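Trainee: Please take one part of this model and go through it closely: the packing. Keep it brisk, and give me the cut-offs as you go.

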Amino acid sequence: MDESRVLRRAGWAGAASVVLLVVGVALCAPVGVDDPGVSDAALLKRLDDGAWQTAAGIGLPVLGVGIALLLWFAVGLRRVLERLSGGDPLAHATVPAAALLGGLMITGVSLSVSSAFTAWSDEFTLDPDTARVLGTAGLIIALTGLTGGAALVAVTTRIAQQARALPTWAVWVSYAVAVLCLSGFWSGGMASVAFALWLIGAVIGVLRAARQTPPAPAVRAQGAPAPEAARTPPAAATD
């Protein structure tokens, strides 16, 4: 297996995941009720808007693909951390941490936009208070997913610190991002931005590791003579 190619693909999967997660959240945000103080009339108009409903219907699959790519990236990041640490079991926490982040994020967003999706049916009458409760619950669940992001950042930073693979300032900035993610609900959205920036840095780190990994040697076909044997003339026949 070509380790360099594996890491390079995982790195690009991580870069694509950042883009798709941002696009998916942006498409779903207009019909998400994250401000309970919005008037009933404005809230109902937003939830019953066909264009925004369609955008949210596109945004959820985009978000799902972004989360799948994030898990792919987490696998590549784990390989890099295992190589840095010499096989530290702590590196295995990266994939569950990414799964926790992605699972709670898509659950929260789905809950937040559920009122708008249900409004497509003529048999359902939108209730502003129900939409507020669902939207607030979705926001809380999605931001709670940042605990997975905090674990991902902390594990990566700890192993990189032990291997002296990061400068001191980058280590402390990463720890600050982990703490900010733990208090995501009270950060006013700053934790999500900080984690996205950290993730971009991690993607760059995996791509650099891929460039520094030597390519796998070519495998000789079964039954083919070794290069040395191919260059050696046959021995002279003896009487």
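**Helix packing, close up**

Mentor: Start with H2 and H5: Asp40, Leu43, Leu44 and Leu47 in H2 meet Pro128, Ala131 and Arg132 in H5. Contact here means heavy atoms within 4.5 Å. Helices are DSSP runs (H or I, at least four residues), strands are E runs of at least two, and both are numbered from the N terminus. By class, the contact of H2 with H5 has five nonpolar, no polar and two charged residues. Ala, Val, Leu, Ile, Met, Phe, Trp, Tyr, Cys and Pro count as nonpolar; Asp, Glu, Lys and Arg are charged; the others, Gly among them, are polar.

Before going on, some ground rules. This is a predicted model, in which local features need pLDDT of at least 70, side-chain atom pairs need pLDDT 80 or more, and totals for chains, interfaces and linings use all residues. Residues are numbered from 1 along each chain as its sequence is written, and side-chain values use heavy atoms, without hydrogens or water.

Now the geometry. Two packed helices are described by the angle between their axes and the distance between the axes. The axes of H2 (residues 40–47) and H5 (residues 128–144) come within 10 Å and cross at roughly 70°. Axes are lines fitted to C-alpha atoms, for helices over the stretch in contact, and angles run from 0 to 180 degrees between N-to-C directions. That angle makes H2 roughly perpendicular to H5. Under 35 degrees counts as roughly parallel, over 145 as roughly antiparallel, 65 to 115 as roughly perpendicular, and the rest as oblique.

Next pair: H6 and H7. The axes of H6 (residues 146–162) and H7 (residues 168–182) come within 8 Å and cross at roughly 160°. H6 and H7 are therefore roughly antiparallel. H6 passes H7 in a left-handed crossing. Left-handed means that the near helix is turned anticlockwise from the far one by less than a right angle; clockwise is right-handed. On the H6 side, the contact is made by Leu146, Thr147, Ala150, Val153, Ala154, Thr157, Arg158 and Gln161. On the H7 side, Val171, Ser174, Tyr175, Val177, Ala178, Cys181 and Leu182 meet them. By class, the contact of H6 with H7 has 10 nonpolar, four polar and one charged residues.

Look at the loop between H6 and H7. Arg164 sits there. Its phi is near 55°, a positive value in a residue other than glycine. Most residues other than glycine have a negative phi. Arg164 counts as exposed, at 77% relative accessibility. The cut-offs: buried is under 20% relative accessible area, exposed over 50%, and partly exposed in between (1.4 Å probe, protein chains only).

Val179 lies in H7. Val179 is exposed too, with a relative accessible area of 55%. Its C-alpha is 9.3 Å from that of Thr147, 32 residues away along the chain.

Back to H6, which holds Thr156. Thr156 counts as buried, at 11% relative accessibility. Leaving out residues up to four places away in sequence, Thr156 touches Leu77, Leu81, Thr94 and Trp198.

The structure holds two aromatic pairs. One of them is Phe195 with Trp198, stacked at 6.1 Å centre to centre and 20° between the planes. Rings of Phe, Tyr and Trp (its six-membered ring) pair if their centres lie within 6.5 Å; planes under 30 degrees apart are stacked, over 60 edge-to-face, and the rest tilted. Phe195 and Trp198 are three residues apart in H8 (residues 190–212), so about one helical turn separates them. Phe195 is buried, at 6% relative accessibility. Trp198 is buried as well, with a relative accessible area of 12%.

H3 (residues 50–85) carries Leu60. Leu60 is buried, with a relative accessible area of 16%. Leu60 touches Cys28, Ile106, Val109, Ser110, Val113 and Phe117, again not counting residues up to four places away in sequence. Leu60 and Gly24 are 36 residues apart in sequence and 6.2 Å apart in space, C-alpha to C-alpha.

Finally, the setting. The protein has nine helices and zero strands. Buried residues make up 37% of its 239 residues. Of the contacts with a separation of 6 or more, 78% join residues 24 or more positions apart.
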